[in-house]
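Q: Please give a close look at a single part of this structure. Say also how the rest of the model provides its setting.

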Amino acid sequence: MLPHARSLLAGAEAAVRAEVRPLRVAVLGKRMAATELMKFYLARHPHRDTEVVISNMITTSREALRSGIVDAALARAYGGPVTLPDDIVAASAYLEPLYLLVGKDHPFAGRSTIALREIAGQPVWVPGAAVPSEWADFYRDLSALSGIPVDTTGPLVNLAEIVERIAHSSSLTTFTGDGGRTPWHPNVRRLMIVDPTPAYALALLWSAGNRHPGLRHLIAHVADNYNRDTAAACWVPERDRELFAVPGAAPGPDRQPVPLPFPR
């Protein structure tokens, strides 16, 4: 009976190992800051069994998390047409500063920085903000604060096409994030926005009940690498402030922060 028992035990252990699948993390698009954050993580921890799931504007990374397709998502924690479930936990991951892109013939082209108030009244083209989403709400809040009209007209084109149109215009502008990979163009200029710097609050989201063995390691990595030193110079919408420790933080009106289920 002993050899048979050992055989059964070996089979059970193999079944348990087979159940430990890769940790799945959703990001929005291939050029975004969330994707770069995960590349940074995997480059420093190449032996972590982690699968990056690329989402899009229709099936967002938050939707992938809500539907159980992934274990975690990198996305804004607040805003959007669908409120996240109460069991979703959020941790600050990255404050992504926004830059203004202009063509070489634009009046702002000779500058390297621009104050947010100087853009007031100047339409900024962000076609992706036409999609009801957490990022559309971010731009709506930014417009209300700054007086910058956010133009969402036109087709949903990719970032390369947006850059191409900016390059050939003397009036068109757009926003781009510091953490993503904006296509290079010789006729496009990038201006840092200051006083304050608008920043997109990228969070790591996961379910409090998820006990995937790889999740704790990713949470610790994100906590250790959050760029909190930039928070004092940044503006984020009111609901993001407490989570990201941005000055002027106040408790969010729709959801209180949930304690991390694992010790840091």
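A: pLDDT is the predictor's confidence in each residue, on a scale from 0 to 100. This is a predicted model, in which local features need pLDDT of at least 70 and side-chain atom pairs count only at 80 or more, while totals for chains, interfaces and linings use all residues. Residues are numbered from 1 along each chain as its sequence is written, and side-chain values use heavy atoms, with hydrogens and water left out.

The protein has an average pLDDT of 88, and 86% of its residues score at least 70. It contains seven helices and eleven strands, taken as DSSP runs (H or I of at least four residues for helices, E of at least two for strands) and numbered from the N terminus.

E134 is buried, with a relative accessible area of 5%. Buried means under 20% relative accessible area (exposed is over 50%, partly exposed in between; 1.4 Å probe, protein chains only). Leaving aside residues up to four places away in sequence, E134 touches R62, A75, R76, Y78, G79, G80 and Y200, where a contact means heavy atoms within 4.5 Å. One of these partners, A75, belongs to strand β3 (residues 72-75), the element with the highest mean pLDDT, 98.

Other buried residues of α4 include W135, A136, D137, F138 and Y139, as well as L142 and S146. Just after the helix, G147 adopts a positive phi of about 80 degrees.

Of the contacts with a separation of 6 or more, 78% are accounted for by residues 24 or more positions apart.

Among the elements, helix α1 (residues 2-19) has the lowest mean pLDDT, 49. Over residues 12-18 pLDDT stays under 50, and the model has zero contacts beyond four places in sequence for them. Residues 249-264 also stay under 50, but there the model has 35 such contacts beyond four places in sequence.
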